[in-house]
Amino acid sequence: MKTALGFLVALTVLTALAFAPLFVGPYQLGLLIGLTGYVTLASAWALFSGRTGYVSLATVAFFGIGAYTVAVLSETMPYPLVLLVAAAIGLCVALLVGLATLRLAGVYFVIFSFGLAELVRQLVTWFETSVNGTLGRYIFLPLEAEHIYWQLLALAALTLLLTWWIQRTRLGLALKVIADDETVASHIGINIAWTKIALFTLSAIIMTLVGAIQAPRWTYVEPAIVFSPTVSFLTLIMALFGGASRLWGPALGAIPLFLLFEWLSASFPNHYSILLGLLFIIIVFLLPRGVVGFIEDKFQRKSPADLVEKPARVKEADQ
Amino acid sequence: MTTITRRHALRYLGASAILLAAAAPIAATADDRTSVKIGYAVSKTGGNAGGVGITTLPNYELWVKDVNDAGGLELPDGTRLPIEVIEYDDRSSAEEVVRSVERLATQDEVDFILPPWGTGFNLAVAPLFDRYGYPQLAVSAVTDKAPEFVKRWDKSYWLLGGGHDYADALAKVLSKASSDGTINSKVAMISVADGFGIDLVTAARPAMENAGIEVVYDVTYPAGTTDFTSVINEAAASGADSFVAFSYPPETFALTQQAQVANFNPKVLYLGVGTAFPVYGKNNGANAEGIMSLGGIDYNNPENMAYRARHEEVTGKAPDLWGSVITYSSLQMLQEAIKRRGLDRDAVSDELSNGTFQTAAGEITLEDNQLRTLWLTGQWQDGKFVAVAPTDRDGATVPILPKSAWQAQ
């Protein structure tokens, strides 16, 4: 009953959000697009990193791949096909990277994932300049802001649904064990490598699609624009703020932080970066388990069942 | 101080509007207005801040001060309204510049929006300027696709030319010197692997070929390169008398130093962005003599010299010798168009397309929404970065070639 009710509420909210473009102005619609984009990115990030403890800074690598795929192919293929190709490229890159690197643990993986974003950016730059002799590309697609918004909203809903579903499957259970103790997990017969790769790939495909869907908003795309590391950092901090191991955590982190960033940049354009840095520090110190975790700690008495479900911290926090 | 009060208002307005996403549209401004709202989003922080801080922002601030000191923007009926500025920092992020311009157009409902800095950012916001009917006087955007953009966005104006213009002008200078027997017909080219470098080198290859100049060395380097020793050695060994670098400021400065260390003395030395900064001439002193680059100015143009003096007086630093004067002139055009046609954006756009304007850069009439009378090549001569091409334009100086050898410092 509780699940059914949850679904009903989620569906109502989704429907309300879907009709939002009819009632809000272009500026609010722009906000909603950015917001939905980050909710999706943070949820996708948490799908892998929040559950396995592997902190990834490669978000923008996939995001950028998606945007670039649209830029390259938008004039030669119908749009839905372009999205499919983008997802396929995201899948291939994620598989390749996953197979090669998910054996790395802890801080090594963080550094690697950060390097990956830079590697992809330099590869794209090299390819564009040496092979194609251009750098920037133009996207002229007949897509209005509300079309982009609806696509993102659908993707966000799908991401949350997937997360919810995975939590209830054997895969979700396996993940919890891996997050707690990899050695134990392998001893009880969980295929650790496969589980991590599956999740990493899934999360990467979603990130790629976010980039692909948002790209038509920019008209002009070049590596410095779509591979901006800020995207990776904001995604990470939003997911951590909300609580990376909970279904609604990343969304609850992304919404207030996104609005806060927006307000800060409008009100304190000259001090934005300083305030952002302070905020990052505060979040990591005061809310290591995120808002959701904080509320649970404060207001709920723990039953033994809750303790079992207690999410793993992000590993780096422990090291 | 209007900026501050505006921000205070916006803080509350913005916050409440954001929280209540479906807030009613902000009440339209009253008929009897007390100011003209001008908004802009530029990169005050991040990777683009350097370019913004030299070519764009000082000129915006200078113009607003000049206009407000004179009592405000003059309207067709002779009355004047002061400018109220709304300024955002896009933090060098494309998503942010798009959202800021959207905010200026729909939330702040400004009367006019000044463009951001950079080719990519100007293109990113062009569809928005078009959708909301704002004229876009894009200055810091070098693009060969301007004619195409004008067709797509009829209120967009492209004022700094395209890669082909600069590459063709350079090729002509080299070709002339080569046929005079001053230099041989070989050139070594390097370019930064970024929008600017790629655009120019792509245009330069065919331009050199058409001008009868053989490209014997052609290498692209990643932005941020600091060591050019091997590049300089290879270029020196290539047998070319001309060395061309389509570079960004840090590399332009590094190349100048390292060429001296390696005692590399090409007869023509052409470097990219940064050469036209006043500080370049100041730092390199006698060794800047003869170095060429994009841009240049006519030191005999009194309006331009007056502008330069005022810029230095108000902002505390001299403007660069390429895009700055065009930035300021574009604002003078806007000011004059408002004086002639009022605050109606369609009328102002029409005036910008068809009118003739007296500006700091001389008399300007746009052709197909583009500024075609530009200085394309400049050279440091006697501590001044003079314009040497196009050679047939009034005020052009004859280039001095070959460049003299480095002097010990």
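How many bridges join strand β1 of chain B to β4(B)? Seven, and the two strands run parallel. One caution before I go on: this is a predicted model.

Let me stay with that sheet. It is open, it has three strands, and the order is β4-β1-β5 in chain B, with parallel pairing. β1 covers residues 36-42. The edge strands are β4, residues 83-89, and β5, residues 112-114, of chain B. Each of those two pairs on one side only. Neighbouring strands are turned by 25 degrees against each other on average, direction ignored.

Now the helix on this sheet. Helix α3 of chain B, residues 94-106, packs there and touches β1, β4 and β5 of chain B. Its direction makes about 175 degrees with that of β1(B).

Next, the core. The largest nonpolar core has 213 residues. I113(B) and L170(B) have the most contacts inside it. Helix α2 of chain A, residues 26-52, gives the largest share, 15 residues. From chain B, domain 1 and domain 2 each contribute at least three residues.

Leaving aside neighbours within four places in sequence, its contacts include G39(B), Y40(B), V101(B), L104(B) and A105(B). F129(B) and Y134(B) are also in contact with I113(B).

Last, the contact between the chains. Chain A puts in 35 residues, chain B 36. On the chain A side, α2, α5 (107-132), α12 (249-267) and α13 (272-286) each supply at least two residues.

Terms used
Residues are numbered from 1 along each chain as its sequence is written. Chains are lettered from A and ligands numbered from 1 in the order in which they are written. This is a predicted model: local features need pLDDT of at least 70, side-chain atom pairs count only at pLDDT 80 or more; totals for chains, interfaces and linings use all residues. A nonpolar core is a set of buried Ala, Val, Leu, Ile, Met, Phe, Trp, Tyr and Cys residues joined through C-beta atoms within 7 Å. A residue is buried if 20 or more other C-beta atoms lie within 10 Å of its own, exposed if 12 or fewer, and partly exposed in between; C-beta atoms are placed from the backbone. Helices (H or I, at least four residues) and strands (E, at least two) are DSSP runs, numbered from the N terminus. Domain bounds come from an automatic or database domain assignment. Two residues are in contact if their C-beta atoms, placed from the backbone, lie within 7 Å. Two strands pair if DSSP finds at least two bridges between them. Axes are lines fitted to C-alpha atoms, for helices over the stretch in contact, and angles run from 0 to 180 degrees between N-to-C directions.
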